[in-house]
Amino acid sequence: MKLSPLAVTGSTFLLLSTSSHNDVSALSMGPISRIRNKFRFGRTSMPPVNTLGEVPKAAAAAATATSPAPIPPANKANVIPSTNTNTKTTPTTSTTPPIRYDKDLNHIFRQNELWVQAKKAKDPAFFEKLGSVHRPDYMWIGCADARVPANEIMGEDAGQVFCVRNVANLVVATDFNLMAALQYAVNVLKVPHIVVCGHYDCGGIRASTEVRDHVPPLENWLRNIRDVYRLHRVELDLITDSEMRHRRLVELNVVEQCINLFKTGAIQRRRLETFKKECRLTTPRIHACVYDPATGYMQRLEVDFKEYIDELHDIYDLYQIDSDTDADSIS
């Protein structure tokens, strides 16, 4: 997830409606009027904006004519080309009216209509089946970053992936949202697989390595990642390249969150239950993965969870195992 280094505090910016859409700026009142010409977003000043948030054509042309050459990104390796092909109007067939962006998000509902039509054209019974049962095969614990869409990455359709997302894909025992979702997924939906997926270029991971107070509650949350660094400090400090160190911390964070899952009563109870029933697999299975937004590929992290369980089960086990049952065989 990309965290902006900028924050606005102590001010409230209001978008005021005006009687004219063309020559009156909606941002020309209040404290912003004293600093509006100090802003530089690739043009000499902020052109007037109408109440729909669109730049008038005359102002846009004038701004373009006086715009300085764009400054290239400092690090091209981390620049990810946008896959968003939407502009002011979405290309459509001649029989479909153009979708226009507006403050009421009408374009989203129109896009929803097109999506429904496309799904029905491919499978007329798609929504009938989707509305009749909810039995996903996977639980996804991932980052809230907008570049990490779980279903699309996995190549799965709607109804297959039960998702929980937060900053930097953390599994925290005091996060009642995730813990409730985990309990529901394991006890009710009985998902056989739980995927914990981190991603490179994670804003939460980067923020956790800064010598900076991000202020609660964000700083409280990021402290969990700082703890991951503390646990693996020897390995991470040996990595001299800052970007490679970041990528490794992303991976180690995923591993630690998977271990946190093994610590929970919901996971231990369900795995012991499926083991005693002599199921084909002891479930749920925990999978550590990482996604690279720059390539689109998701890869499995090679982790021997059995080794971790052997080391930690005396501390974190919540259930007694029969003396004739090999604890290692449950892993």
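**Contacts and overall make-up**

I began with contacts (heavy atoms within 4.5 Å): among those between residues at least 6 apart in sequence, 59% join residues at least 24 apart. I noted that this is a predicted model, where local features need pLDDT of at least 70, side-chain atom pairs count only at pLDDT 80 or more, and totals for chains, interfaces and linings use all residues. Residues are numbered from 1 along each chain as its sequence is written, and side-chain values use heavy atoms, with hydrogens and water left out.

I then looked up the secondary structure and found 11 helices and 5 strands in the protein chain. These are DSSP runs numbered from the N terminus, helices (H or I) of at least four residues and strands (E) of at least two. Of the 331 residues, 33% are buried. Here buried means under 20% relative accessible area, exposed over 50%, and partly exposed in between, with a 1.4 Å probe and protein chains only.

**Helices H5 and H10**

Next I checked how H5 (residues 176-189) and H10 (residues 265-276) pack: their axes come within 9 Å and cross at roughly 10°. That makes H5 roughly parallel to H10. For the record, angles under 35 degrees count as roughly parallel, over 145 as roughly antiparallel, 65 to 115 as roughly perpendicular and the rest as oblique. The axes are lines fitted to C-alpha atoms, for helices over the stretch in contact, with angles from 0 to 180 degrees between N-to-C directions.

Which residues make the contact? H5 brings Leu182, Gln183, Val186 and Asn187, while H10 brings Ala266, Ile267, Arg269 and Arg270.

**Aromatic rings**

I searched the whole structure and got 4 aromatic pairs. Rings of Phe, Tyr and Trp (its six-membered ring) pair if their centres lie within 6.5 Å; planes under 30 degrees apart count as stacked, over 60 as edge-to-face and the rest as tilted.

One of them is tryptophan 115 with phenylalanine 127, edge-to-face because the planes stand at 80°, with centres 5.4 Å apart. Tryptophan 115 belongs to H2 (residues 106-122) and phenylalanine 127 to H3 (residues 126-130), 12 residues apart. Tryptophan 115 is partly exposed at 38%, and phenylalanine 127 is partly exposed at 25%.

I also looked at phenylalanine 262 and phenylalanine 305, a tilted pair with 5.4 Å centre to centre and 50° between the planes. Phenylalanine 262 is in H9 (residues 242-263) and phenylalanine 305 in H11 (residues 305-316), so the pair ties together parts 43 residues apart in sequence. Phenylalanine 262 is buried at 15%, as is phenylalanine 305 at 11%.

Trp115, Phe126 and Phe127 form one aromatic cluster. Lysine 119 lies over the face of phenylalanine 126, 5.1 Å from the ring centre. Elsewhere I found the charged end of arginine 247 over the ring of tyrosine 200, 3.7 Å from its centre. My test was NZ of Lys or CZ of Arg within 6 Å of the ring centre and within 35 degrees of the ring normal.

**Backbone notes**

Most residues other than glycine have a negative phi, and most peptide bonds are trans. Where did I find cis bonds? One runs from proline 216 to proline 217, with omega near 5°; another joins threonine 283 and proline 284, with omega about 5°. Proline 284 sits in the loop between H10 and strand E4 (285-291).

Alanine 168 has a positive phi of about 70° and is buried at 0%. Valine 215 also has a positive phi, near 70°, but is partly exposed at 48%.
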